[in-house]
Amino acid sequence: MAAPTLDRETEAPARRTCRARKGPPGLLLIAPSLMFMALLFGWPMVQGVLLAFRGDQGFTLEFVQRMVTDANFWPAVRNTLLLIVVLIPVQFAFAIAMALLLRAKPRLANVYFFVWAIPLAVSDLAAGLVWLAVLTDRGYLNSLLVSLGLPPVAWLAFDSWTSLFLAVLIAELWRATSLVLVIVVAGLQGIPRDYEEAAAVFGASPWQRLWRVLLPLLRPSLQVALILRTILAFQTFAVARALTGENFPVLVGETYRWYVTLQNPGVAAALALVVLVLSMVTSVVYLRTLRSEEVR
Amino acid sequence: MRPVTRRAVLGGLLATPLLAACAGFDTSGAAAPGTVGFLSTQFTPVEERQRFEKVLRSQLPVPVAYNPVEGGVFTTTIKSQAQARNVRTALIGGLYNDLAPLADAFDDVGGLLGQLSGAGYPDEILKLTTLGGTTPKFVPWMQATYIVAVNKQALQWLPSGADVRELTYDQYLAWARAAQAAAGRPVFGIPAGPKGLFYRFTQGYLLPSFTGGQVTTFRGADAEAAWTYMADLWAATAPASTNFEYMQEPLARGEVLVAWDHVARLVGAAKDKPDDWLMVPAPRGPKGRGYMLVLAGLALPKGGLERPAAEQVIRGIAGAGMQVETLRQNAFFPVTSVPLPPDLPGAIAGEAAAVKAQAESRDAILSLPPVGLGSRDAQVGQVFKDSFREICLNRRPVRQVLDEQAERLSALLADAKVPCWSPDPAAPVCAVA
Amino acid sequence: MTAPDRAPLRRHRRNRVLLQVACVAVTAFMAVPLYLITLAAVSSRASLNAFPLSFLPTNLSLETLTAFLSSTGVVPSFGNSLIVGLWTLVLSLLIGVPAAYGLARTAFAGKEPYQLFLLFTRALPIVVLSVPLAQLFLTTGLYDTTYAVILLHTALSLPTTILICASVFLAVPVDVEEAARVFGCTPAQAFRQVVAPMALPGIAAAAIFTFVQSWNEVLAASILTLNRRTLPAQVLSSLGDSPLAYRFAGGFALVLPALLFIALMRRYLTNMWGSTIR
């Protein structure tokens, strides 16, 4: 067995092989999805990747070179990575806290959950719009400040990298935490309260119960949420673009700019490959680290 | 729990085939036979689209399904349909620089242009119809330019002795500074947002006015003076400009009082209260008054549908009624020699006067969009955007930035090997001096 | 006689209050932007140009919202979006749930490559595939139909569906399934009657995400269709160019249906809370 990532490592191997023989073979179950994806994406993928290296006279590194020398490239790499490194932990802490609040069964829990899940339904374009209306010079936040007698602040000023970064961070936190929340809530459903109660009986503090009981049991959900959220975080740029224009470039935004505005598919494909590689490397890291801890 | 789930599943199973009985509902009206599917990059905003559809319905004998899309989708659609040899549109409309990279996908329209010779297209426009090739690839549709909108409140700070309709760039800067000092905040703006057209200001207005050229003079001493001026002007410009895409919005909000932009992106500010606004020509510099032409054209895709009807639509759009109504409704000016009616709405009439004054001033310097650059067109625009970013936003030394950017511009031009376009002096192969 | 110790009760009460305060705070953060978009969508145009902006609905006007809804193609594109969203949901669950089960419960070589393969399609910015994708559908004759959009949306949502469902199948205890088998269920029956109901929250989460993604997807829908657009392809891409009032009206109108869908699916997502499993 090459890489039984999402498998239950903790079980007795004998039992697993036994079931594997009895149940339908895994390959049969995943075959339709494999074929579907390959049929739809196989050829376009090859075409798309080739774009980055195909010049007028065969293989070329011209586009890669053009990409690296562009003034926006390194800032875009830095912004994208920083955003993800800061956003993802904050977002997960926030989402887990929200899920635990719900699990404590407050009154109106259903209403709370619904409201907290709503941003999932808001497209990134619309989310950018909303936050622009809040943060722009004559937006809602400054309206609030002014009506409180305070001076307005230029939150989205082009020369303040920190406030641009924070603006994008908060907007993304608002927009995308719901996805993590929904996955965590779904995962929590499968964890019987008995486990926690038993731990409590044995004198575990709430903090210990969280770290020793709940989070380990949630590991499959957290792993999936981490992978998906990170990959999707690499893909979003509409919010950053709406809030900061081109003053806070991110990699996928640059991909679009090269493909759509500058009409240079070669450089766009090279940028897309950078995003692809970064996403895949992070995914592999998540798949391996979260597994090895379990095996220990 | 169970019966509900089952009912829901059953309901879903029954409803979905019903919903999927067709391949989808027609959202543009092009499915009806004889209808001309008109794919375009213009008039994408809901209101402009509705008004243009009304004009099409009232002025043309043929039903048209107007399908406005953004630039990326436009290019992808035309390219992929041409490459798959399965063209599903009848008529293509876009700005000169939308059409230029797609020239290979269009049929020649020489015959059609010949039939329309009575319409009176100006020569400088007809020259552009070849998209840098040898035969005409599109029929002119409509045109526009950029001017300055002034809220009359700002007139109180106008430097003494200055005529708002005959400003020099120095007076414009002095005015911006005086207004900033008096109002306590900068009240001049430019559309420097991601979709804003601010780079056309440097490309077609500032540089030609200071240097007499756009490309050949890119790194000369005059260009250095122009960019130094730009940095000074930026210091007196609302910093929120980097979020502005259409100046009519900050103008209508009162966030800025004076702004340069595309006529169609200014008209909304003055629409409700035309008396509060002045529309004036752009300022003039040492070499004259640079201004830029925006041209939209109509092309026929190779292998396109409904060809006779599409040609009929093109002829209809060249007609006086269509040309004037497009101006009245959506602030794009006629490309034909049709006289403007006296009863234009206030904001449009103001713009029309400014546009006329700008084009007819003695020292006018007409800038064309880059000719024959194809898909490199946007990358040339990017050179001007990056220069602005480096000089005005990042405050780097002008000389250093110009030398860097000149190299990029030279590389693009060396690839393209095209003759110079107005206002640069004619040369068989355009290059940065 | 000492008074009964009230400290635990007091602590309990204090905790309940803190819990509510925390919930209200999070709700405020999540709801305020939604309130503002709703407010702006039903405000008159002039009031959106004022400063400071009003936080109360003082200048109500449905003018922009109705103008938006009555514009060309909005109603048919709404229908297309519904068809695409529901079919994408059905297809991706049909293909995705078995695959997720296979991933979670059976042993096969190459699990990690399989997962990475799935993620591949989400990790590459799809914009660079626009032309080849459109060509693919143009040559197969599916271009400009909702079928094309359904197929592509299904492919886009399969990775999320499979991974989310797999993570939940892992949480369903194997013993339960085996018990069912002991009592004479076939593997398929055991899956349908025991595993699937317990995994329902995960499937519901995946379903919500699939539908909402399809509902909001712009790029694939606009490059694969011409005259049979979905709602976002019809309006969302032009929102940025529209006047402020229209942007809010459009954003608001697009969010509403997705809200309904989440409300419908929410009960399946949280139906296990409060019930003891064993």
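Trainee: Which strand does β4(B) pair with in the antiparallel sense, over five bridges?

Mentor: Keep in mind that this is a predicted model. Strand β4 covers residues 139–151 of chain B, and its five-bridge antiparallel partner spans residues 258–262. In that pairing, Ala149(B) sits opposite Ala259(B). The partner is β6(B).

Trainee: OK, and which residue of β6(B) stands opposite Phe188(B)?

Mentor: Start with strand β5, residues 188–189 of chain B, which runs parallel to β6(B) and is joined to it by two bridges. Phe188(B) faces a residue in β6(B), namely Val258(B).

Trainee: How many residues of β6(B) are buried?

Mentor: Buried here takes 20 or more other C-beta atoms within 10 Å. The strand is mostly covered, and out of its five residues the buried count is five.

Trainee: Switching to Ser410(B), is that one buried or exposed, or does it fall in between?

Mentor: Ser410(B) belongs to helix α16, residues 398–416 of chain B. The cut-offs are 20 or more neighbours for buried and 12 or fewer for exposed. Ser410(B) has 18 C-beta neighbours inside 10 Å, so it counts as partly exposed.

Trainee: Which residues does Ser410(B) contact, leaving aside its neighbours within four places in sequence?

Mentor: Contact means C-beta atoms within 7 Å. With those sequence neighbours set aside, Ser410(B) touches Ala431(B) and Val432(B).

Trainee: Last one: which helix gives the largest share of the side of chain A that touches chain C?

Mentor: The contact draws 93 residues from chain A and 90 from chain C. On the chain A side, 16 residues come from one helix, residues 26–51, and that's the largest share. The helix is α2 of chain A.

Terms used:
Residues numbered from 1 in each chain as written. Chains lettered and ligands numbered in written order. Predicted model: local features only at pLDDT ≥ 70, side-chain atom pairs only at ≥ 80, totals over all residues. Contact = placed C-beta atoms within 7 Å. Helix = DSSP H or I, 4+ residues; strand = E, 2+ residues; numbered from the N terminus. Pairing = 2+ DSSP bridges.
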